[in-house]
Amino acid sequence: MLFAFLMLAAGSALSLLLARSARAARLAGAAFCLVGSLAAALAAILPLLGNPVPVISLGVFPAIGRLYFEIDALSGFFALIVSFVSAIVSIYSFKYMEEYEEKGYNAGFYWSLLPLFILSMLAVVSSKNAALFMVSWEVMALSSYLLVTYEGRAEGVKNAGFIYLLIAHMGAAMLIAMFILLAGMSGSLDFAAFAGAKMPEIAASAIFVLALLGFGSKAGIIPLHIWLPQAHPQAPSGISALMSGVMLKVAVYGLIRVAFDFLGPFQPPLWWGLLVIAIGAVSALLGVLYALRQHDLKRMLAYHSIENIGIIFIGMGAALLFSTAGNPALAALALFAAMYHSLNHALFKSLLFMGAGAVIQATHTRDIEKMGGLVKLMPVTAVMFFVASYAISAVPPLNGFVSEWLTFQALISGANAGGYMQLVFGLVAISLALTSALALAAFVKVFGIVFLGIPRSEKVGQAKEVPGAMLLGMGLVAAACLAAGIFPALIMNMAAPALLSIGFNDPSVAYSQAASLPMFGLFSLLLVFAVLAILAVSALGKAFRAKHETRITWDCGYYEGTPRMQYTASGFSMPLMRVFGKLTNPIESKHHGGDFFEEFIYLPLYRAYASVSIRLNFLQTGQLSDYLLYLMITLIGVLLYALL
Amino acid sequence: MALSLSTIGLALAQILFVLLFSPLVIGVIRKIKARFQARLGASVFQPYFDIGKLLMKGSVKSNVASWIFELSPAVNFAAVVAAAAILPLFSGEGILSSSNLLLFVYLFAIGRFFMALSGLDAASSFGGLGGSREMLLSAFLEPAMMVVILFLAVFSSGAMDISAFAAHTAALWPAVLLYPPHLLSALAFIILLFAEMKRMPFDNPATHLELTMIHEAMILENSGPGLALLEWGNAAKLVVLSSLFGIIFLPVSLLWQNPLLAFVALAGISLAMGVLIAFVESIIVKVRLFRVTELLMFAFIVALLAFFSLPYQTGEGHGSVVALLAFVMLLSMLFFMMSATFTRRLKLFLINSTALALLLFLVALSEPGVDSYFRLGSTIVLKLVLAPALLYFLFQRISKPERKDMVEQASYRKEEFRGMLAYDPVFMTHASILTTFTIAAGLILLSFVVSTAFGIHDVMVPITISITLIGVLIIAIKPHIILQLFGLLMLENGIVLLPVSLSLHIPLLVEAATLLDALVLIAVAVALAFKTRETMGTLDSRELDELSER
């Protein structure tokens with residue numbers, strides 16, 4: 001663990017030193033990132049196998065107590081997600097960032113920030129002291145901000161980065177308030193003390209709401225999602241993969257840590273679970289509907305992140321509701337589903353972003369309406385993107401299906417409880433079913449429009465396959481997607497210690513539903529076997545049969561079809577938008593693909609804020625004496641308050 | 001359980017059954033449809049020859065198409081084969097440790113994913129069109145299917161296995177035949193089966209016209225063996241889904257001791273489903289794409305009703321028939337919102353009132369008394385004879401030219417067609433039917449929530465509240481006075497039902513007064529309508545609005 005941290009820090013420093021030579025910085029940065037991430041992965045697996053990992057202690061300080069990192073099982077599960085994807089991204093970025101160097105961006109800068117970003121995420125999930133946690137959290141926010149704005153000369157980057165920074169700091173403020181409350185209740189900044197603290201319900205609820213706002217803004221739940229579809233597309237694709245795939249999961253980790261560990265002994269009131277599950281259902285449904293409207297490849301993927309975070313929140317909300325109902329077995333199942341989906345989303349979303357990066361690098365556009373036919377020009381990338389699309393659409397037998405299946409199992413078991421819970425869980429299950437149908441539609445659209453058919457513009461027609469290092473990175477993730485889909489029992493074994501560590505300590509009952517997980521392996525085998533058998537038979541038949549011709553697509557007897565005769569992305573999603581469009585835009589938006597929340601909540605809010613600021617402008621006279629007067633008034637006010 | 005020689009043998013037998021039997025079902029459907037069209041039709045074994053011939057033929061592939069196109073027929077077929085293998089058809093034991101229904105349902109997503117992509121693969125407009133429509137349908141299908149699954153899971157207290165559902169149905173047999181939620185979800189399942197099979201009224205399997213097709217559009221580029229696999233897989237899917245219906249909703253599992261009997265029963269059920277499809281396709285037309293979604297939404301609400309009423313008591317024997325009739329009343333009102341012509345609406349109103357009369361008759365049998373007889377008699381006189389006659393009279397008096405005038409006016413009101421506004425040849429609606437259905441679902445949810453809050457255990461109460469609320473909804477959304485009168489009458493039906501479902505004993509005098517009230521109301525409304533039409537020349541409340549503004 002220490003080794004991992006040191007390697008990443010060294011990588012960061014070294015790349016900065018080597019910034020003169022882009023190539024050297026890239027080599028050093030990538031190598032150190034890779035080694036550091038792999039070391040971290042090793043350190044993360046150990047606690048999941050039951051071996052404790054040495055604690056890294058930074059010493060005891062007055063007022064803030066002992067600063068230390070410790071990877072327990074819950075941290076380990078998320079650290080594994082972080083380190084695996086980070087290792088892949090370092091391989092991928094090694095080749096991907098070449099293009100940026102040609103454009104004249106500083107390689108040393110990128111390669112010193114990347115290890116720092118990875119390091120900070122690992123530090124967040126492993127730090128066990130509130131002060132240390134917040135420092136890591138802020139480093140994570142700042143380094144990712146700098147990475148988002150890396151391509152500073154491009155249009156819209158600065159704006160997106162600024163909104164990201166703003167919301168990140170709002171979230172951080174909530175978290176600081178939360179930790180202050182927690183520290184007040186437990187008398188220490190140590191996580192171990194938080195877990196055992198006794199507190200009144202109102203304090204617990206305040207902590208919970210602050211955590212939900214703080215971590216939720218990072219995770220991108222609706223309506224705090226506004227930064228996400230702006231920032232993720234602007235970052236270099238490797239960073240988008242890390243942010244969408246991993247950084248959001250760090251926020252999920254934070255919420256699990258607070259809601260189930262710190263507040264674990266506390267019987268959660270009903271409204272906690274209801275709030276979280278409602279946020280989840282709304283984020284999932286609106287996320288996918290917004291995604292369906294997008295034509296910008298990366299922006300669309302960013303909206304899908306909101307959708308998947310919604311699914312994860314549904315799992316967490318269900319777990320809270322089950323805890324309220326006094327059913328730890330089902331709570332464990334629901335939380336497991338959420339954690340499993342976190343892992344899966346990290347895998348397929350990073351794969352999607354890397355694939356999108358490859359496509360964008362090859363075609364120099366993000367507009368999917370200009371793409372098409374890439375399956376012939378970039379065959380390997382196409383396969384990778386196909387695997388990821390298939391997985392995220394929750395089609396069996398890949399990993400996305402298994403975690404969504406688990407979520408459904410939890411929800412359906414919840415609906416069985418009767419009373420109001422039947423209605424609540426039933427409605428959430430229905431909305432999740434709708435979400436998953438729409439997600440499938442969205443990814444059929446993306447893959448079909450981007451990779452199939454014929455190129456819709458000349459530039460895209462000249463696309464070439466990306467270099468091997470990028471393909472290798474994607475291939476590893478694709479393999480992980482397959483593995484996590486076919487052997488869910490493996491993931492179960494990894495998650496079990498994590499669940500155990502936060503008090504779900506009855507595995508025999510907890511996993512009654514999950515016990516049927518091994519069947520997925522057999523089932524996948526059956527499916528693959530059937531496909532192969534049919535292909536073999538038809539291949540055998542082909543050898544005997546007369547003619548197998550290749551002709552132009554049937555065009556109603558005209559001349560050969562032009563690219564413009566194909567279906568377009570907006571045409572494909574038009575029927576769905578016609579039916580569900582009103583949900584995304586209750587008030588008619590002026591521009592295409594607009595975000596309701598952006599236009600009708602944040603913008604008016606900002607305008608109100610701006611107009612109030614202008615009104616208060618008179619206070620800012622610029623005269624020192626006036627400011628001293630303000631100080632004095634404040635001081636007198638404080639003194640008076642103390643007097644009372 | 002799980003993997004053993006016998007389960008593997010059984011799985012193979014199931015695959016063989018599904019694959020070998022399915023072309024016959026398609027043949028039977030085609031034969032019956034041909035007879036309906038006064039043709040002799042091909043032999044029922046023709047589909048076997050078709051598939052055989054296609055398998056022998058060469059193929060033509062588009063030069064644009066990729067491996068997705070090549071792979072899709074095989075994957076689609078394999079998904080159906082896998083479904084046949086994991087379904088507990090002839091015995092409760094499958095090759096998987098559990099026959100999870102959700103896993104089974106999601107198997108069809110595999111085919112959907114590949115087929116929609118393969119439609120886009122050849123760069124033809126037709127394929128994309130089919131895929132896009134398929135996605136629209138699945139967005140309605142999957143939530144509705146989820147409600148059916150929720151119903152089954154809660155009905156058999158938390159189980160998720162198909163064999164557990166089967167056992168539950170078998171254990172309750174034959175009482176379950178009269179259990180309204182069971183029947184409702186079976187109805188929803190059949191509608192969903194039609195949609196999943198892309199049968200009329202959802203899609204026309206016999207056409208290659210771009211205006212109507214969904215499934216055929218996606219497979220337009222396929223030929224030879226690929227096409228054979230697709231056609232065969234689709235036929236097999238019908239048998240798989242029909243068998244699933246038989247196992248879950250009918251007591252086939254009682255025959256599991258003897259696989260041969262189960263085989264005969266499932267074959268019979270598949271054929272029966274084929275006959276049903278043939279009949280429906282012969283007497284119904286394919287509806288417009290966006291009206292298809294309305295029918296699916298209807299199925300969704302039907303399933304939702306079943307799911308909501310699960311915790312409630314529905315009475316035994318006699319009592320369950322009463323509940324069933326109340327459900328029929330509610331469903332007729334939902335259909336009323338969808339239908340487009342006056343005669344259809346009149347029929348639906350008559351169904352509504354007949355169900356009420358039958359219901360009151362049953363109540364009168366079990367609780368004889370003057371007020372029961374009075375309620376029954378008055379309903380028959382007023383709702384079955386007087387009111388329909390009056391409304392029909394009113395409709396006739398709107399002279400033919402005026403009705404035609406309305407149609408023409410409607411057809412050039414372009415904005416009416418935009419969005420999801422339902423095209424309504426005689427009477428337009430304020431809101432789209434989908435929106436209306438969503439509101440209706442919300443109202444039904446509300447009535448169940450209210451009933452739960454008051455600790456009511458009889459399903460009649462939430463249903464009665466729903467009937468009343470939806471009556472109000474009909475009045476609110478339909479601009480034409482005739483339709484508003486229909487809504488009012490059905491609302492009144494709900495009010496008549498209220499004392500029955502709450503088992504209140506209302507004095508005869510009060511009841512008579514209420515009745516008189518309704519009578520006067522309708523008479524006045526009809527008279528007013530005549531007067532209005534005479535002076536204003538229209539009965540459309542929107543146009544009346546315009547008049548008042550002038």
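**Exercises: the B–A interface and a pocket**

Across the interface of chain B and chain A in this predicted model, the rule finds zero salt bridges.

**Exercise 1.** Work out which kinds of contact and residue make up the interface of chain B and chain A.

*Solution.* Start with polar contacts: eight residue pairs make them across the interface, counting pairs with both residues at pLDDT 80 or more. Next, sort the chain B side that touches chain A by class: 61 residues are nonpolar, 18 polar and seven charged. Then look at where they sit. Helix 5 (125–155) of chain B is among the contributing elements, and gives the largest share, 19 residues. Other elements giving two or more residues include helix 3 (67–86), helix 4 (101–121) and strand 1 (59–62) of chain B.

**Exercise 2.** Find how much area is buried between chain B and chain A.

*Solution.* First, count who takes part: 86 residues from chain B and 72 from chain A. The area buried between the two chains comes to about 6800 Å², with carbon and sulfur atoms giving 75% of that. Now zoom in on chain B: B:Y106, B:F113 and B:L120 lose the most area to chain A, together 10% of what that side buries.

**Exercise 3.** Describe the second largest pocket and its lining.

*Solution.* Take the space first: about 1200 Å³. Among the elements giving two or more lining residues are helix 10 (259–283), helix 12 (318–338) and helix 13 (342–366) of chain B. Finally, sort the lining by class: 26 nonpolar, two polar and six charged residues.

Conventions
Residues are numbered from 1 along each chain as its sequence is written. Chains are lettered from A and ligands numbered from 1 in the order in which they are written. This is a predicted model: local features need pLDDT of at least 70, side-chain atom pairs count only at pLDDT 80 or more; totals for chains, interfaces and linings use all residues. Side-chain values use heavy atoms; hydrogens and water are left out. On a 1 Å grid over the protein atoms alone, a cavity is a set of points where a 1.4 Å probe fits but cannot get out, and a pocket is an open set with protein on both sides within 12 Å along at least five of seven lines; lining residues have an atom within 4 Å of a point. Grid points are joined across faces, edges and corners, and a volume is the space filled by probe spheres set on the points. Helices (H or I, at least four residues) and strands (E, at least two) are DSSP runs, numbered from the N terminus. Ala, Val, Leu, Ile, Met, Phe, Trp, Tyr, Cys and Pro count as nonpolar, Asp, Glu, Lys and Arg as charged, and the others, Gly among them, as polar. Contact means heavy atoms within 4.5 Å. Buried area is the accessible area (1.4 Å probe) that two parts lose on being put together, summed over both. A salt bridge is a side-chain nitrogen of Lys or Arg within 4 Å of a carboxyl oxygen of Asp or Glu. A polar contact is a pair of N or O atoms within 3.5 Å; within protein, one must be able to donate a hydrogen and the other to accept it, and residues adjacent in sequence count only if both atoms are side-chain atoms.
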